[in-house]
Amino acid sequence: MADPRAHIVVHALTLAYGDRVVLTDLDFSVKRGQVFIVMGPSGCGKSTVLRNLIGLDEPAKGDVFYGDVNFTRAAAGEREAILRRVGVLYQSGALWSSMTLAENVGFPLEEYTDLTRDEIRDVASLKLALVGLEGFEDYYPAEISGGMQKRAGLARAIALDPEALLLDEPSAGLDPVSSRLLDDLILQLRDSLGATIVVVTHELASIFTIGDDSIFLDPETRTVIAGGSPKDLLAHSTDARVRRFLTRGAEGDPGGRADG
Amino acid sequence: MRRDALPVGVQRLLALAEAVPEKPGVRRTSVHTPWIARLGTTALDLGAGSVSAVAFVGEVASATWRLTRRSARFRIGDLAVVVQECGVQALPIVTLISILVGMILAFVGAVQLTRFGAQIYVADLVAIAVVREMGCIMTGIIMAGRTGSGFAAQLGTMKVTQEIDALTTLGLPSIEFLVLPRIVALCLMMPILCVYADVLGIVGGAGVGVSMLDLTLVQYVRETVAAITLTSFATGIAKSVFFGALIAIAGCLRGMQCGKSSASVGEAATSAVVTGIVLIIAADGLFAVLLNVLGI
């Protein structure tokens, strides 16, 4: 952990479901206060990387560090302590359907803070207002649209003011305007909370707007084939697969197998 | 193959179909597996299934222990919702089934007993059968069908929509927040429903006795009260609590084992009912043997 700015460090990580290896030899570090993009074609295991970062899946090999702490080898209590400072937005929003939006956002606060009911309600309203859902406190997840569910999920993820925020396909399924608003929100969270943000996505517009740093996962070789600022990658990458992805297929070999 | 004779539209479609070449090694071929291999796989799956079931029961047991030490957490509101779902809302079907079962028992008994002019003993038959066995078994089977499957479907859907993942990453154990309230609620409601089913079963029997067997209501009630002992009543109630735990555990286990698709939610619900009913009948058999040995 030479770099003191590194917040999340992934070292020699191999991810597998049973015998089926999804990704091998992942090495990357996410710097504090940056927006880090995990990108790649569908089915390359982007979401699996995220699941491993938060311990929902156990890596076959390798380690994940948060700061100096080895998360993969940590005891259950230590893991919980780390995860309490991490907010996660799931692909589908994953709001608890039996609770209203305010209860969803307030639930982590109820469990982990000493705030009174009224204070929790106020904080929940504030977080919902941050994601543009003021006035929807007493709606149930089933009563609002998919995009709104996703934003409410983000409000829940930032309920405890996390140091790191992991977002799984935040703008997938959103209309262009909502998607743009979400990008703005992500940048604001980075700048105002100083949070480290890891975004799994393949939305090019978002990638170029918010990405400070990135890795590109390739389903063929099952590992990272490029990394760096997305804009630099677009300007300088010579790898045909990366070029093809970042230019929506306008450049690069269609077979995707040219050596870069 | 010559394609220039084809219409232009078809040529374009063919060109589109060939634009992305087939990935080597992705096509699935059907491989013949010998029966011995299939048998082995089935046995291994069965073994793995039992291990995860035992692990689940262990987790539930330790969470229950923490609950008694007051260090387990769940929201009282969640418990109240489940209590309502598996209590009040189950009353109509329990009412219907219990009255009918009471009537059927009375009919079956009446056919035999009237031959000897002993129709008054229909009251004894109905009372003992309902209080000791039928009340708790029928309630158990009803609850396995409506509540056990409901638990599996709820938890299974929560798994599919990543709601359980969201709990886990917040450090909130799903066993404590989702499974415990369901088990506690069913263990609380089952004995109450069982008493209710007992009473209605006897009412159903009395209906047949009074209307068709020339018995007066007073005679029937007196005979019933004389037939029921505290032991047989308590046996039924104790069994119902135990059945409640079995149904809830089976439902929650299947829900938590659910896969990641909507089809697997259906499978989980079906499997919860099957598991629940099998466990109830097997446990009732065990109880019968045990009580017989103990002379109760």
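Glu22(B) is exposed, with 8 other C-beta atoms within 10 Å. On this scale, a residue is buried if 20 or more other C-beta atoms lie within 10 Å of its own, exposed if 12 or fewer, and partly exposed in between, with C-beta atoms placed from the backbone.

Residues are numbered from 1 along each chain as its sequence is written, while chains are lettered from A and ligands numbered from 1 in the order in which they are written. Because the model is predicted, local features need pLDDT of at least 70 and side-chain atom pairs count only at pLDDT 80 or more, whereas totals for chains, interfaces and linings use all residues.

Next come the nonpolar cores, each a set of buried Ala, Val, Leu, Ile, Met, Phe, Trp, Tyr and Cys residues joined through C-beta atoms within 7 Å. The largest has 70 residues, and Leu128(A), Leu166(A) and Ile197(A) touch the most other members. Domain 1 (1-85 + 162-224) and domain 2 (95-161) of chain A both give residues to this core, so it lies between them; the domain bounds come from an automatic or database domain assignment. A second, separate core holds 68 residues, including Phe74(B) and Tyr220(B).

Chain A also has an open sheet of six strands, in the order β6-β7-β8-β3-β9-β10, with mixed pairing; two strands pair if DSSP finds at least two bridges between them. At the edges stand β6 (86-89) and β10 (223-227) of chain A, each with a single partner strand, so one side of each is left without a neighbour in the sheet. Strand β9 (residues 213-218) of chain A runs antiparallel to β10(A), and four bridges join the two. Asp218(A) has Thr223(A) in β10(A) as its bridge partner.

Finally, the contact between the chains takes 14 residues from chain A and 11 residues from chain B, where two residues are in contact if their C-beta atoms, placed from the backbone, lie within 7 Å. On the chain A side, α2 (76-83) and α3 (101-112) each supply at least two residues.
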